[in-house]
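Subject: Structure handover and notes

Hello,

Here is the structure for your records. My notes on it follow below.

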Amino acid sequence: MGTIISEFDLQVRYQIYHFFVNHCVAPSYQQIANSLNAENENVRVSFHKLHERHMIFLERNSDSIRMANPFSAIPTKFKVISGNKQWWANCAWDSLVPYELDPCTKSKELGMQSSGLSEGRNDDHLA
């Protein structure tokens with residue numbers, strides 16, 4: 001049957017995305033526990049349940065988030081800049097999503113790095 005995702009797990013997932021959008025980095029389970037006023041261990045277990053269901057991805061043998069699509073916690077070829085914020089995306093398609101998650105900015109830039117070269121373009125019309 002697999003892992004059952006509870007309402008609490010969905011709240012944890014929402015807070016993970018909220019944290020990524022606002023802070024441009026992956027949160028720790030302790031930071032999410034603090035934001036939900038929840039026990040650290042309950043949130044740590046929730047991280048692993050979400051990982052088991054492929055709703056987020058943790059580093060191997062760790063409690064640290066590696067990916068919460070479209071966000072990557074590690075640098076990739078797909079860097080997204082929106083105003084004074086920047087994120088790493090997991091692929092070209094994922095790099096379009098953060099634009100919609102941060103509606104407060106009007107200037108957006110999408111860049112892809114390949115072989116040490118960087119190509120950027122202004123994509124205000126994508127928002």
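Leaving aside residues up to four places away in sequence, Glu-59 touches Ser-64, Arg-66 and Ile-74; contact here means heavy atoms within 4.5 Å. This is a predicted model, in which local features need pLDDT of at least 70 and side-chain atom pairs count only at pLDDT 80 or more, while totals for chains, interfaces and linings use all residues. Residues are numbered from 1 along each chain as its sequence is written, and side-chain values use heavy atoms, with hydrogens and water left out.

To continue with Glu-59: its side chain makes a polar contact with the side chain of Arg-66, at 3.2 Å. A polar contact is a pair of N or O atoms within 3.5 Å; within protein, one must be able to donate a hydrogen and the other to accept it, and residues adjacent in sequence count only if both atoms are side-chain atoms. Glu-59 sits in the loop between strand 1 (57-58) and strand 2. Helices (H or I, at least four residues) and strands (E, at least two) are DSSP runs, numbered from the N terminus. With a relative accessible area of 26%, Glu-59 is partly exposed. The classes are buried for under 20% relative accessible area, exposed for over 50%, and partly exposed in between (1.4 Å probe, protein chains only). From C-alpha to C-alpha, Glu-59 and Ala-73 are 9.8 Å apart in space and 14 residues apart in sequence.

The loop between strand 1 and strand 2 also holds Asn-61. Asn-61 is exposed, at 80% relative accessibility, and has a positive phi of about 55° although it is not a glycine.

Overall layout

The chain has four helices and seven strands. Read from the N terminus, the order of elements is α-α-α-β-β-β-β-β-α-β-β. Of the 127 residues in the chain, 32% are buried. Among contacts in the chain with a separation of 6 or more, 41% are between residues 24 or more positions apart. The accessible surface comes to about 7,800 Å², and carbon and sulfur atoms account for 50% of that; the areas come from the Shrake-Rupley method with a 1.4 Å probe, and for residues only the protein chains shown count as cover.

Core and helix 2

The largest nonpolar core has 22 residues, and those with the most contacts inside it are Val-12, Ile-16, Ile-32, Val-43, Phe-47, Ile-56 and Ile-65. Such a core is a set of buried Ala, Val, Leu, Ile, Met, Phe, Trp, Tyr and Cys residues joined through side-chain atoms within 4.5 Å. At least two residues of this core come from each of helix 1 (7-23), helix 2 (29-36), helix 3 (40-52), strand 2 (65-68), strand 4 (78-82) and strand 5 (85-89). Helix 1 gives the largest share, six residues. Not counting residues up to four places away in sequence, Val-12 touches Ile-32, Leu-36, Val-43, Ser-46, Phe-47 and Leu-50.

Which residues of helix 2 are buried? They are Tyr-29, Ile-32 and Ala-33. Seen down the axis of helix 2, these buried residues fall within an arc of 105°, so they line one face of the helix; the arc is that of the directions from the helix axis to the C-beta atoms. Helix 1 and helix 3 are among what covers them. Asn-37 follows helix 2 and has a positive phi, near 55°.

Ser-72 is in strand 3 (residues 71-72) and is buried, with a relative accessible area of 6%. A polar atom of the Ser-72 side chain lies 2.7 Å from the backbone oxygen of Ile-74. Again not counting residues up to four places away in sequence, Ser-72 touches Phe-20, Arg-66, Met-67, Trp-88, Ala-89 and Asn-90. Pro-70 is in the loop between strand 2 and strand 3, and a cis peptide bond joins Asn-69 and Pro-70, with omega about 15°.

Cysteines

Cys-24 lies in the loop between helix 1 and helix 2. Cys-24 is partly exposed at 22% relative accessible area, and has a positive phi of about 65° although it is not a glycine. Cys-91 is partly exposed too, at 28% relative accessibility. With a disulfide taken as a pair of cysteine sulfur atoms within 2.5 Å, the count of disulfides is zero.

Regards
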